[in-house]
Every structure is written in C-alpha cells, then in structure tokens.
Amino acid sequence: MTATTTFVPALARMAPVGLAELVDRAALQTRVDRKYVVPAEALPHLLEQVAPHARVLDIDGVRTFRYESVYFDTPRLVSYHSAAYRRRRRFKVRTRTYLDSAECWLEVKISGARGSITKHRLPYHPADCDTVRPGRHFVEAALTRESIAPDADGSLEPVLVTDYRRTTLLLPESASRVTIDTALSWRHNGSSLRLSGLAVIETKTASAASPVDRMLWQRGVRPARISKYATGLAALRLDLPDAPWRRTLRRHFRGTTPSVDPVPTTLSHRPEQEASCV
C-alpha cells in the first residue's frame, strides 16, 4: 500500500469542491505558508479530524493529482544561496506541470517580510518546461517589480526536478487552503532521491493560523523548515550550505541513499523534453 492510497477512503468521504470555486475563494497569491512533515500513516486519522472543516478539490472524480516541477537557478545558484543564508527577500523560478491534464505554468515565487509569499504565474507550453527562454521577459519583469536582481552571471538553467502527488483542501471558514504532498522524489544531475513514507502538509493562509495548523499543533506537530527546491538540492548536493534545513535533513533525508539514474545528463524523464534542456 502506497503513501497515497492509505488516505483514499478518508478523501472519498469528504465534500468536494471544484477548481473554479477553490480559486475564487482561496487563490491566495500573496500568503503565509506553514509546512509540516508527517508520517504518511498519520494521514487517514488527520483527514477524519479535518473533514468537518474542509472540502477536497475534485476534478472529474479525481482527488489526488500528479505534479512535476522544474526549478531554475543561475550558474552560481543565487536562488539557492539566498535561501541558505536567509536573505530577507528571496526568489524561486520554476515550471509546474500538472501531469494529469498536461497544463503547465511558469512561476516566480518571492519570499518577503514575515514569511509572506507572492507568486507570479504565466501559462506555459508543456514542451518548454525545461527552459525559461520563452518566458524570459515575464521572469525579468516579475523580479524587477519585486526589486530583485538575480545576478550579473545571468541565465537561469534547469537545476532540479521534483515529482509528487498532491491533494488540495479548501477550508471555507478561513478561506485558506491545505495541500498534502506524497510520493515525493527529486532528480539532479543523474542522481535521484525518494521519500516513500512521508507526507508534506502545507497550509496557505492570508495570515492567521488555519484550523489545520491548530489541529497539528495540538498533536505536537510543529512547522518544519523544508523547501522542495532547497532542501531537495541540499540532500543531493552535500557540498552546499544547508543550515536552515539541517534538522529536517537529519530527521527525514539523511537516512535515504540517493540513487544514480541510468542517463546522468537529463533532468526530465520525458524524452521529448530532452532537447530543450541546455
């Protein structure tokens, strides 16, 4: 039984919400995120507790969806190092592909004061998920609006790929969202890493804690410092500074041995995308 299937029965009993209503009620492009790492086996009980306060995203009867994100950085990893050294304003650039629908977005995420997150999004062609070139002006404009200059060394190139399965909940009373990510994996320069028995829960609120935050706190679960990009890259690159995520790495990543992929030069696993990865 996989980490995802353990909580399918609990999901099936939850009231549904459509994508349009979810976006309308809790788009939260500027928000505060809190992340938690929990054993996947704890999800069924947690969802039973959450069910009276939540609705689950349902698209044509499907409630868990496959995601792939490609993260971009400069040759000197400016985005990574700004997170590692806790710069006041930080940025991430990625493409996110919803594998079940083949929908893709180019995204620029800005971390600001007091943990606020601002996201800028551009519809993108899935075949371009390994390059920012078609969206270069969008990325530059988003960073300029936020008064962020990445680096003089210029180009953003693909660095890390993450895959996972996501379930999204709407909490109507607080107009907030909760995402539950399972089957997490990372790929970088021919090495890959999987976390099979863990889930990452992320609450996305305007500011105040959500009912799910308070529920987790009552169970003794506290927010964890984890970033799919930075923590994943630190787990695969032991030469990089990792102070903000060291506790998370020790508890959840360090006991997992990275494997070597058969083709070490390709970030994406889809052959049709290899040509755009330069």
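# A guided look at a predicted model

The protein chain exposes about 13,000 Å², with carbon and sulfur atoms supplying 54% of it. The model discussed here is predicted.

Student: How many helices and strands does the protein chain have?
Tutor: Let's start with an overview. Of the 278 residues of the protein chain, 54% count as buried. Its secondary structure comes to eight helices and 12 strands.

Student: How many contacts beyond four places in sequence does the model have for residues 262-266?
Tutor: This is a stretch to read with its pLDDT in mind, as the score stays under 50 over residues 262-266. For this stretch, the contacts beyond four places in sequence come to three.

Student: What is F253 in contact with, leaving aside its neighbours within four places in sequence?
Tutor: F253 is one of the residues that touch the most other members of the largest core. Leaving aside those sequence neighbours, its contacts are W186, L193, L195, I226, T231, A235 and T248.

Student: Is V108 buried or exposed?
Tutor: V108 is found in strand β6, residues 103-111. Beyond four places in sequence, V108 is in contact with residues including K92, T118, F138 and A142. The C-alpha atoms of V108 and A142 are 7.0 Å apart, although the two residues are 34 apart in sequence. Since its relative accessibility is 0%, V108 counts as buried.

Student: What distance separates the C-alpha atoms of L184 and K228?
Tutor: L184 is found in strand β9, and at 3% relative accessibility L184 counts as buried. Among the residues that L184 touches beyond four places in sequence are D163, L195 and K228. L184 and K228 are 44 residues apart along the chain, and their C-alpha atoms are separated by 9.1 Å.

Student: What is the N to O distance in the salt bridge between R187 and E68?
Tutor: A search of the whole structure finds 17 salt bridges. R187 in strand β9 and E68 in strand β4 are 119 residues apart, so this pair links distant parts of the chain. Both residues are buried. Their side chains meet with an N to O distance of 3.6 Å.

Student: Which strands hold D163 and R187?
Tutor: D163 also forms a salt bridge with R187, the closest N and O atoms being 2.4 Å apart. The pair ties together parts that are 24 residues apart in sequence, because D163 lies in strand β8 and R187 in strand β9.

Student: Is D242 buried or partly exposed?
Tutor: D242 meets R246 in a salt bridge, at 2.9 Å from N to O. At 11% relative accessibility, D242 counts as buried.

Student: Where is D60 found, and what is its phi?
Tutor: Most residues other than glycine have a negative phi. D60 is exposed, at 78% relative accessibility. D60 is found in the loop between β3 (55-57) and β4 (65-73), and its phi is positive, about 55 degrees.

Student: What is the accessible area of the nonpolar patch on the surface?
Tutor: I59 is found in the loop between β3 and β4 and is partly exposed, with a relative accessible area of 31%. L19, V23 and I59 form the patch. Together they have an accessible area of about 230 Å².

Methods: Residues are numbered from 1 along each chain as its sequence is written. This is a predicted model: local features need pLDDT of at least 70, side-chain atom pairs count only at pLDDT 80 or more; totals for chains, interfaces and linings use all residues. Side-chain values use heavy atoms; hydrogens and water are left out. A nonpolar core is a set of buried Ala, Val, Leu, Ile, Met, Phe, Trp, Tyr and Cys residues joined through side-chain atoms within 4.5 Å. Buried means under 20% relative accessible area, exposed over 50%, partly exposed in between (1.4 Å probe, protein chains only). Contact means heavy atoms within 4.5 Å. Helices (H or I, at least four residues) and strands (E, at least two) are DSSP runs, numbered from the N terminus. Accessible areas come from the Shrake-Rupley method with a 1.4 Å probe; for residues, only the protein chains shown count as cover. Patches are made of residues with over 30% relative accessible area and no salt bridge: like charges are joined within 9 Å, nonpolar side chains (Val, Leu, Ile, Met, Phe, Trp, Tyr) within 5 Å. A salt bridge is a side-chain nitrogen of Lys or Arg within 4 Å of a carboxyl oxygen of Asp or Glu. pLDDT is the predictor's confidence in each residue, from 0 to 100.
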